[in-house]
Amino acid sequence: MIPQPKKIKRTEGTAPQGSLAEERICPGLGGEEYRISISREGIYLSGSGETGLFYARTTLEQLRMMHGEELPCMEIEDWPDYSYRSFQIDCARHYFSVEELKKMIRMAAEFKLNYFHWHISDDQGWRIECKRYPGLHEIGSVRQGDHFGTCRSDEKYGGYYSRREVGEIVDYCGKFGIEVVPEIDMPGHVTAILAAYPELSCLGEPVEVGRKAGIFKELFCAGKEETFVFIENLLDDMLELFPGKYFHIGGDEAPKERWRGCPCCQKRMEEEGLRNAQELQGYFCNRIASYLQSRGRTPIVWNEAVYGGNLNKGVAVQLWTEDKDNQIRAHLDKGGTAILAMVDHCYCDYPYGMHSLKDMYDLETAPAEFGEHGAESVLGAECLVWTEFIRENDRLEELCWPRFAALAEVGWCGRKRPSYEDFRERLSAVFGLFEKYGIHATKIEGWDPDEEAAARQTAQFQMNFSEEERMEARMAQEDI
């Protein structure tokens, strides 16, 4: 079973063949807690509500796959270690249909992941119909070609989700106890937005929706008050579609060159007593976060947003790179929270030869560098897939599965999870789940490539980056 239940007590005998499970609500159980009782008298599933009962059903489904109709008698008690167990799909770089997203969501639900982090906006595309600012989906959703890696196409590429389709995804997730966490990245990764509304940048000059991967210079201008009016109106429009607790506002990979040369940004820094552009980013994120909090939401940012040292403690920080100058630890020490999404353990857009299934499973959920408050401040973990170099559904699925399942068990079982060898054996036993739900998962022999295969996959992946692009990325990283 994936994830491995907390308590399993085997008893004698088997359940009657063809037994239908009886379900009952037990308010005394935790929100995601469930119980399974398999005896000679029958099968009984318990949960505090629909989510707990659904988790009981998925575990029973896996037991049937392993044992057929000869279900051994047992008692199972189970609950998660972490409340935030997320999977992210980037639909900004490449658009994936509603049908494909539903396949991914349904598969994620089978392994008890409970948040869908939907990356809907980036330099290369805006992907949701917007009532207040229609230029976003009319202009920002279309780019003049794809220059990602070895793909060199000058054909227009675009697509966005209608508000009806967004509602369909949100409702579909809700059936399986999954909350949608939308991400509108800011103040960087906003080229697609600025293509429609260039007056919101520092230069105010026309820009094109990005056609290639990378870190772009253009940011929202933090000195213009109209920038914040725009963002607040945009958030109001998006909050109509996304009723969940969390809202992600990005904050990563924002080079500060434009801000340093912008009179409006420099004036803002002087008026607010900000010492540098890093603190200006903290100010920017705090303003947006405070607005979301006033609307009853919990904001999430990437870890670069803490570099100024002035980020509000009520903002959850998603960690994907190392803790620079102990800034994450300082945020946690003052009462902040963190979501683990380390690139070496959680990113699924790399081939298995670079990030193996074992790498995914070995994520440390209580990093020592977080200090004494680290373990209690971690909300959970997230597996992610960025899609600059992923265009086809099959490729998306084979990169994500079964790696998403590994992170699902990490988030459910925490530090007390079984050994990787045990996980791998159990995963092999339920591999048929992927076939049942139509998922093109990587076969067992591809999960942990040997040294030769890993070198070959790495070399092939590196072909996506020219030397010029590598230099641009290095220079941009130095300015973040």
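## Arg-268

Arg-268 counts as buried because its relative accessibility is 8% (buried is under 20% relative accessible area, exposed over 50%, partly exposed in between, with a 1.4 Å probe and protein chains only). Arg-268 sits in helix H8, residues 263-272 (helices are DSSP runs of H or I, at least four residues, numbered from the N terminus). Leaving out residues up to four places away in sequence, Arg-268 touches Ala-222, Gly-223, Lys-224, Glu-225, Phe-228, Leu-280, Tyr-283 and Arg-287 (contact means heavy atoms within 4.5 Å).

The model is predicted: local features need pLDDT of at least 70, side-chain atom pairs count only at pLDDT 80 or more, and totals for chains, interfaces and linings use all residues. Residues are numbered from 1 along each chain as its sequence is written, and side-chain values use heavy atoms, without hydrogens and water.

## Largest pocket

The largest pocket has a volume of about 1,300 Å³ (a pocket is an open set of points on a 1 Å grid over the protein atoms alone, where a 1.4 Å probe fits, with protein on both sides within 12 Å along at least five of seven lines; lining residues have an atom within 4 Å of a point; points join across faces, edges and corners, and volume is the space filled by probe spheres set on them). Its lining has 42 residues, with Gly-214, Ile-215, Glu-253, Ala-473 and Gln-477 closest to the centre. Helices H7 (257-260), H11 (343-346), H18 (451-462) and H19 (467-478) each give two or more lining residues. H19 gives the largest share, eight residues.

## Second largest pocket

The second largest pocket has a volume of about 400 Å³. Its lining has 20 residues; Phe-389, Arg-395, Gln-460, Phe-461 and Asn-464 lie nearest its centre. Helix H14 (393-400) and H18 each supply at least two of the lining residues.
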